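Colleague: I would like to go through this model with you, one question at a time. Can we put the sequence and the coordinates side by side first?

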Amino acid sequence: MMTEIQSDKLSINRNAQKIYDFLSDLRNYENLMPSSDVSDFNATKEKAELSLKGLGQFNITIEEQVQASLIRLKPKGKLPFSFNIEWHITDNGDEASVVGKINADLNMFMKMMAEPKLRSFVDQQAHKLKTYLENEID
């Protein structure tokens, strides 16, 4: 059963293109990862490898991009369930709003165990994105 897990919707004091450019480079995700749950993070612009507590080691690639509005990431590896991560960016002029979403194929048992952790993961990434980009020197 497909479960959609959504982060808080955050306004970021940067334009949509700046946020899109940042999220389109997987090397930048090291700044967004919760350090207590992620280890062995290595990335190029197009591919990231990491270990996530509870999921193991896997790769992430960009599956789909829509200029300045959507980035869909696809994890690959030996995972206990399939999922993708989406970043939805809405242009609001000088700022933009961002929502992170995880779409996971979870049975009822896995949903009870994994949903809170996945929600925390995507929420932490969204808040770190806001903090990082708003504190970045232009």
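**Reading the predicted model**

Colleague: Is Phe83 buried or exposed?

Modeller: The classes rest on relative accessible area: under 20% is buried, over 50% is exposed and anything in between is partly exposed, with a 1.4 Å probe and protein chains only. The value for Phe83 is 4%, so this residue counts as buried.

Colleague: Which limits apply to these values?

Modeller: The model is predicted, so local features need pLDDT of at least 70 and side-chain atom pairs pLDDT 80 or more, while totals for chains, interfaces and linings use all residues. Residues are numbered from 1 along each chain as its sequence is written, and side-chain values use heavy atoms, leaving out hydrogens and water.

Colleague: What radius of gyration does the chain have?

Modeller: The radius is taken over C-alpha atoms, and the globule rule is 2.2 Å times the number of residues to the power 0.38. The C-alpha atoms fill a box of roughly 45 × 30 × 25 Å along the principal axes. For 138 residues the rule puts a compact globule near 14 Å, and the protein chain agrees, at 14 Å.

Colleague: What share of the contacts joins residues at least 24 apart?

Modeller: A contact means heavy atoms within 4.5 Å. Counting those in the protein chain between residues at least 6 apart in sequence, the share joining residues at least 24 apart is 50%.

Colleague: How far apart are the centres of the positive and negative side chains?

Modeller: Lys and Arg count as positive and Asp and Glu as negative, without His or the chain ends. Each charge is placed at NZ of Lys, CZ of Arg, CG of Asp or CD of Glu. The protein chain has 17 positive and 21 negative side chains, and the distance between the centres of the two sets is 5 Å.

Colleague: How many aromatic pairs are there?

Modeller: Rings of Phe, Tyr and Trp (its six-membered ring) pair if their centres lie within 6.5 Å; planes under 30 degrees apart are stacked, over 60 edge-to-face and the rest tilted. By that rule the number of pairs is three.

Colleague: How many residues apart in sequence are the parts that Phe22 and Tyr132 tie together?

Modeller: Their ring centres are 5.3 Å apart and their planes at 40 degrees, so this pair is tilted. Phe22 sits in helix α1 (residues 16-23) and Tyr132 in helix α2 (residues 108-135), so the pair ties together parts whose separation in sequence is 110 residues.

Colleague: What kind of pair do the rings of Phe81 and Phe83 make?

Modeller: The ring centres of Phe81 and Phe83 are 5.7 Å apart and the planes stand at 50 degrees, so the pair is tilted.

Colleague: Which residues form an aromatic cluster?

Modeller: Phe81 counts as buried at 7% relative accessibility. One aromatic cluster is formed by Phe58, Phe81 and Phe83.

Colleague: Which residues does Lys128 contact, leaving aside neighbours within four places?

Modeller: Lys128 lies in helix α2 and is partly exposed at 29%. Its C-alpha atom is 8.8 Å from that of Pro34, 94 residues away along the chain. Beyond four places in sequence, the contacts of Lys128 are Asn31, Leu32, Met33, Pro34 and Ser35.

Colleague: Where does Ala68, with its positive phi, lie?

Modeller: Phi of Ala68 is about 60 degrees, although Ala68 is not a glycine. At 18% relative accessibility the residue counts as buried. Ala68 is found in the loop between β5 (56-66) and β6 (70-76).

Notes:
Helices (H or I, at least four residues) and strands (E, at least two) are DSSP runs, numbered from the N terminus.
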